[in-house]
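Visitor: Hi, could you walk me through this one slowly? I'm still new to reading structures.

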Amino acid sequence: MAFADSANPLGPSGNLPRRKRVDFAMRSSATAAAMLAVAVLVIVIASVVAKGASALSLDFFTKAPPLDGAGGGILPEIVGTGLIVGIATAFALPIGVLIAIFLSEFAGARLAYPIRLALDLLNGLPSIVIAVFVYGLLVLGSGQTGMAGSIALAIIMVPLIARSSQEVLRLVPQTQREAALALGMSRWRTTLGIVLPAALSGIITGAVLAIARAAGETAPLLLTSSFFTPNQPVTGNIFGQAIPNIPIEIFNQLEAASPYDHARAWGAALVLVAIILMVSVTARVLLGRSRRKMQR
Amino acid sequence: MRVSAQPASVPGAISGNRGRADRYGDRVLLGVTALASLLVVAVIAFIIYQLIDGASLAISTFGIGFIGHNIWNPVINNQNGVYGAASFLYGTAITSAMALLIGGPIGIAIGLFLSVLAPRRIGAVIGPLVELIAAIPSVVLGLWGVLVLAPAMRTTIQPAIHDVLGWIPIFGTPSLTGLGLFTAGTILTIMIVPIIASISRELFLSVPNELQEGALALGATRWEMVRGVVLAATRPGLAATAILGLSRALGEAIAVLQVDAGGSSSTISANIFGSGDTLAARIANAFLSTTSNLEVSSLFYLAVILLVLGLGTNLAAQLIVRRTTISLRTGH
């Protein structure tokens with residue numbers, strides 16, 4: 001066996017002090033690994049907070065960045081990220097939930113397996129591959145648009161939403177479906193009137209986690225919505241031009257050499273991380289609560 | 001007195017033309033949901049088609065030899081350019097292998113800690129914290145990598161490793177900027193640890209308690225129980241977990257692009273502290289400044305390679321665990 005340096009880990013050996021030492025060493029290393037991971041999290045977050053906090057001010061949220069020099073803010077980027085991710089959600093949420101309904105209410109095991117596999121494969125694809133796909137489909141020859149960015153993010157979100165919704169739908173007790181059907185309700189009314197409302201809070205929290213993930217995605221937007229001037233006003237013209245967004249702004253400001261730009265990059269990173277962490281922590285707490293409620 | 005079979009006041013009860021509406025309603029819902037599911041399969045097929053179509057020029061120009069040579073130069077050969085993927089495959093292999101070799105054991109150890117070793121309350125705090133690492137956007141991790149990690153690499157970490165292990169060729173001269181493949185591999189390690197930790201934790205939790213308690217009752221220490229029962233029972237799942245972690249590392253573009261100091265160079269150097277480029281990072285870096293159709297097509301070719309690696313690793317992981325009851329999830 002792979003882990004056996006001696007014959008059989010559960011066989012008799014007799015050397016108790018040595019066994020205890022090995023046991024202690026292994027348990028300590030596992031604990032140390034966990035502490036190391038937490039330490040890395042703390043170090044990264046602390047760096048972002050320490051370096052980003054000085055950039056934050058009211059202006060940072062209400063003004064556009066200047067073309068060069070200090071000051072200004074990232075208002076267009078905040079609005080643009082909201083716009084791109086919002087449209088992506090408008091695509092991905094209905095499609096994801098419909099797939100989840102198909103998997104949990106209609107598909108038999110033989111049909112569900114290939115679709116679940118397809119969802120997992122799509123989820124496992126590198127986001128840069130999806131970016132190249134959308135680039136070839138929508139950007140090549142016609143230029144970048146915010147819409148192309150939204151579609152790329154939607155492709156990333158669909159499998160996340162479908163899988164998390166399906167998990168929640170599976171938790172709705174079978175007896176509720178049977179009771180509705182026994183009362184003469186049709187399948188679709190049962191699904192939309194009984195099953196879906198019971199799972200709604202779980203579905204929404206799953207979707208919120210997917211939104212948090214999409215908000216930080218950079219690779220798809222680099223190919224589809226990165227050619228913008230930082231102070232470009234947000235017009236909502238998502239079909240005609242690239243839309244400013246926070247991840248690309250961080251990326252660009254880091255590439256730029258001046259210290260002003262680095263300060264703005266840290267500030268933008270702090271805003272992005274704060275949004276994402278708050279959203280995902282809240283969603284996780286709510287998700288745990290709604291799961292417990294349904295399993296009771 | 002006749003009892004009405006259709007008390008209209010009860011919602012959901014059968015009324016006049018409900019029968020027909022329900023027949024259509026059932027069909028429509030089934031149709032729409034099935035269509036949405038088919039859409040996913042169609043999108044994957046379309047991605048495969050689109051990428052291969054985009055790469056066709058490069059495929060017909062360079063053939064399979066594309067992956068074997070390491071020149072990436074848009075201006076030689078009468079301005080037509082010559083493109084090859086070897087140096088990016090090398091950079092991808094080095095950084096991903098480093099992430100897997102370091103991040104794999106650490107992630108699995110954390111999974112063990114959370115599922116078997118830690119008191120439940122401590123696990124309930126540490127587990128979500130570890131998962132939060134996966135929620136940090138890669139562009140922020142890359143920013144941190146350039147401005148915080150790289151200086152530490154330059155002044156302390158890489159010289160220290162070089163002093164101790166410098167007799168091994170891969171630990172050559174430390175990077176002058178702190179950037180390069182080693183730093184990229186470190187960032188990738190940070191990215192895959194939470195993924196491996198959370199999947200392996202689920203895996204270990206699926207091992208029946210009776211087996212674990214049985215081993216302890218026979219006098220095994222905790223570690224002997226872990227080795228003989230928990231790890232032994234989950235070996236296929238652990239292999240799949242490692243593959244999923246690897247898959248994530250292979251495809252990361254932005255954070256690697258920020259820290260790998262790749263740029264225009266396309267060299268293969270044994271020194272892990274040197275600069276380099278991965279498939280994903282090169283695609284992200286070069287796509288917006290291409291000079292010819294052949295270069296665009298060559299970048300599509302790189303994406304095809306990445307697609308094959310991504311589909312291959314994920315398919316392998318899913319097939320390995322198909323027989324076990326664990327479902328593998330990488331989403332966050």
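Guide: We can go through the confidence of the model, then the chains, and then some of the helices and residues.

Visitor: Okay, where does the model come from, and what scores does the complex get for ipTM and pTM?

Guide: This is a predicted model, and the predictor gives the complex an ipTM of 0.88 together with a pTM of 0.89.

Visitor: And what's the average pLDDT of chain A?

Guide: For chain A the average pLDDT is 86, with 90% of the residues scoring at least 70. Among the elements of that chain, helix H2(A), residues 58-62, has the lowest mean pLDDT, at 79, whereas H6(A) has the highest, at 93. Over residues 1-5 of chain A the pLDDT is below 50, and beyond near neighbours in sequence this stretch has 5 contacts in the model.

Visitor: What about chain B, where does its pLDDT stay under 50?

Guide: That happens over residues 1-10 of chain B, for which the model has 5 contacts beyond four places in sequence. The chain as a whole averages a pLDDT of 84, and 89% of its residues score at least 70.

Visitor: Got it. How many helices and strands are there in chain A?

Guide: Chain A has 11 helices and 0 strands, and reading along its sequence gives the pattern α-α-α-α-α-α-α-α-α-α-α. Its radius of gyration is 24 Å, which is well over the 19 Å that the globule rule gives for 296 residues, so chain A is more spread out than a compact globule. Along its principal axes, the C-alpha trace of chain A spans about 70 × 70 × 35 Å.

Visitor: How much of chain A is buried, then?

Guide: Buried residues make up 49% of the 296 residues in chain A. If you take the contacts in chain A between residues at least 6 apart in sequence, 76% of them join residues at least 24 apart.

Visitor: And how many helices and strands does chain B have?

Guide: In chain B there are 11 helices and 0 strands, and buried residues make up 52% of its 332 residues. Among contacts in chain B between residues at least 6 apart in sequence, 77% join residues at least 24 apart.

Visitor: Switching topic: at what angle do H6(A) and H8(A) pack?

Guide: H6(A), residues 146-171, and H8(A) pack at an angle of about 145 degrees, and their axes are 8 Å apart. The crossing of H6(A) and H8(A) is right-handed. Residues that make the contact include Leu153(A), Ile156(A) and Leu160(A) of H6(A), and Ala199(A), Gly202(A) and Gly206(A) of H8(A). The residues of this contact divide into 14 nonpolar, 4 polar and 1 charged.

Visitor: Can we zoom in on a residue? Which helix is Ser201(A) in?

Guide: Ser201(A) is found in H8(A), which covers residues 187-215. With 17 C-beta neighbours inside 10 Å, Ser201(A) counts as partly exposed, because a residue needs 20 or more to be buried and 12 or fewer to be exposed. Leaving aside neighbours within four places in sequence, Ser201(A) is in contact with Leu286(A) and Ser290(A).

Visitor: And what does Ile194(A) touch?

Guide: Not counting residues up to four places away in sequence, Ile194(A) touches Gln176(A), Arg177(A) and Ala180(A). Ile194(A) also has its place in helix H8 of chain A, and it is partly exposed, with 19 other C-beta atoms within 10 Å. Although Ile194(A) and Arg177(A) are 17 residues apart in sequence, their C-alpha atoms are 7.3 Å apart in space.

Definitions and conventions: Residues are numbered from 1 along each chain as its sequence is written. Chains are lettered from A and ligands numbered from 1 in the order in which they are written. This is a predicted model: local features need pLDDT of at least 70, side-chain atom pairs count only at pLDDT 80 or more; totals for chains, interfaces and linings use all residues. Helices (H or I, at least four residues) and strands (E, at least two) are DSSP runs, numbered from the N terminus. Two residues are in contact if their C-beta atoms, placed from the backbone, lie within 7 Å. Axes are lines fitted to C-alpha atoms, for helices over the stretch in contact, and angles run from 0 to 180 degrees between N-to-C directions. A crossing is left-handed if the near helix is turned anticlockwise from the far one by less than a right angle, and right-handed if clockwise. Ala, Val, Leu, Ile, Met, Phe, Trp, Tyr, Cys and Pro count as nonpolar, Asp, Glu, Lys and Arg as charged, and the others, Gly among them, as polar. The radius of gyration is taken over C-alpha atoms; the globule rule is 2.2 Å times the number of residues to the power 0.38. pLDDT is the predictor's confidence in each residue, from 0 to 100.
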